[in-house]
Amino acid sequence: MGKVAREVVEKAGIKVEDLIKKLVAAAGAEFTTFYYYTILRVGSIGMEGEGLKEIIEDARIEDRSIYELGGELPRDIRAFADQAGCPDAYLPDSLKGGKSPTGNSLKDLLKVLVEAERCAIRCYSDLCQFTQGKDHRTYAISAAILNEEIEHEAWFSEFIGEGPSGHFRRGKPGASPYVAPFMTADHK
Ligand code: FE
């Protein structure tokens, strides 16, 4: 944050140190989830897994957009991962060894994916509550990310019988329709 940008946010009543902590936790969750989704995507093979692969990839790439939020990131990657705002999205034991997800193991995989998106929704809702009416830029970016996380949740929860998500493929992977207006050409 620039000096004046920080000043106006402080004057509006936000404890900037607390905000930065929340932002670093959110960034940590995005970073670890990006990593874990790489593994989950690789694990999505076979008749039933292939259908999920592209959706996991779309969700994975869109989650990088958090870096726009700023704040200072820890120098140590281990410390960064430890303060992530969401738990590790591990590949389920039932899929270890390159097994194709099907039946119960498919359910295990979807549970990991849906829970990761739900944690992200809670995380960005909290950031929106924290910044609403006080830090307009962080609020706008958090709300944009929240919109995408809600779609990600729906994409996956459709497969656990929670109704249609209206999922259609993004025009191209990583389209990030809500967050894109905040990204400059250099960041794309
Ligand atoms: Fe997501």
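This is a predicted model: local features need pLDDT of at least 70, side-chain atom pairs count only at pLDDT 80 or more; totals for chains, interfaces and linings use all residues.
Residues are numbered from 1 along each chain as its sequence is written, and side-chain values use heavy atoms, with hydrogens and water left out.

Let's start inside. A nonpolar core here is a set of buried Ala, Val, Leu, Ile, Met, Phe, Trp, Tyr and Cys residues joined through side-chain atoms within 4.5 Å; buried means under 20% relative accessible area, exposed over 50%, and partly exposed in between (1.4 Å probe, protein chains only). The largest such core has 20 residues, and those with the most contacts inside it include Leu-19, Tyr-124 and Ile-145. The elements giving it two or more residues are α2 (16-43), α5 (103-131) and α6 (136-157), helices being DSSP runs of H or I, at least four residues, numbered from the N terminus. Helix α5 supplies the largest share, 6 residues. There's also a second, separate core of 18 residues, with Tyr-36, Ile-56, Leu-95 and Val-114 among them.

Just after α5, Gly-133 takes a positive phi of about 75°.

Now the cysteines. The structure holds 1 disulfide, meaning a pair of cysteine sulfur atoms within 2.5 Å. The partners are Cys-86 and Cys-119, 2.0 Å apart S to S, and with -95° about the S-S bond the link is left-handed. Cys-86 sits in the loop between α4 (77-82) and α5 while Cys-119 is in helix α5, so the bond ties together parts 33 residues apart in sequence. Cys-86 is buried at 11% relative accessible area, and Cys-119 is buried too, at 12%. Cys-123 is in no disulfide; its nearest cysteine sulfur, that of Cys-86, is 5.4 Å away. Cys-123 counts as buried at 16%, as does Cys-128 at 8%.

Last stop: Tyr-37, in helix α2. Tyr-37 is buried, with a relative accessible area of 0%. Leaving out residues up to four places away in sequence, Tyr-37 touches Ile-56, Arg-60, Leu-113, Glu-117 and Phe-156, among others, where contact means heavy atoms within 4.5 Å. Tyr-37 and Leu-91 are 54 residues apart in sequence and 8.7 Å apart in space, C-alpha to C-alpha.
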